[in-house]
Amino acid sequence: EKNNYITIGIYNKPGKITEKMFDIWAKILTKNKKTKILFQYLSGYTENKKKTFYDKFNKYGIQKDRVIFIENNKTHFQNMQLADFALDTFPYTGTGTTMDSLLMGLPVVCLEGFNSSSRPTSRILKQIGEDWLISKNTDEYIKKVDYLINHPNVIKEFRYSIRNKIKNSIQK
């Protein structure tokens, strides 16, 4: 709200980000002109890696000012507060990163996996009753992201309810 734009957070290891993910994220950013994408990983991004990412997004017409790299002395959790929601990578999804994002109140949109390295996020979301964030294909993934971008009240409700859902899922 205070930025007057939606910020999508990517917190997974840079090595998990494939060309397919760049393509999907560029489609989202192209469609949603007031949306920015934020990258943060514990060990940070080298200048070469940042340039590579800027160049990849530039291929799609996404300007550099819409691609944010977080480099500060704050914790991973503090930096998660800079995003409105998170996107998972595919086919190598998050596990700890997904849990961290959820605990910080961030909805995490993912593609449903097909093997042990591509299913952790969808398994977590199913366990806590948030399987509406799981996409069966790329088109559905984009639609779910568009929905969140256009319904900030859903993000706000999620933030306030998710920790209890996680707690209750553990007690099942």
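Residues are numbered from 1 along each chain as its sequence is written. In this predicted model, local features need pLDDT of at least 70 and side-chain atom pairs count only at pLDDT 80 or more, while totals for chains, interfaces and linings use all residues, and side-chain values use heavy atoms, with hydrogens and water left out.

**View 1. Confidence along the chain.** The mean pLDDT (the predictor's confidence in each residue, from 0 to 100) of the chain is 93, and 99% of the residues score at least 70. Helices (H or I, at least four residues) and strands (E, at least two) are DSSP runs, numbered from the N terminus.

**View 2. The largest pocket.** Here you see about 660 Å³ of space, a volume being what is filled by probe spheres set on grid points joined across faces, edges and corners. A pocket is an open set of points on a 1 Å grid over the protein atoms alone, where a 1.4 Å probe fits, with protein on both sides within 12 Å along at least five of seven lines; lining residues have an atom within 4 Å of a point. Of the 22 lining residues, E1, K2, Y5, D84 and R159 are closest to the centre. Helix 7 gives the largest share, six residues.

View 3. H76, found in helix 3, is buried at 10% relative accessible area (under 20%, 1.4 Å probe, protein chains only). Beyond neighbours within four places in sequence, H76 is in contact (heavy atoms within 4.5 Å) with Y11, Q40, L42 and D100.

Technical notes: Buried means under 20% relative accessible area, exposed over 50%, partly exposed in between (1.4 Å probe, protein chains only).
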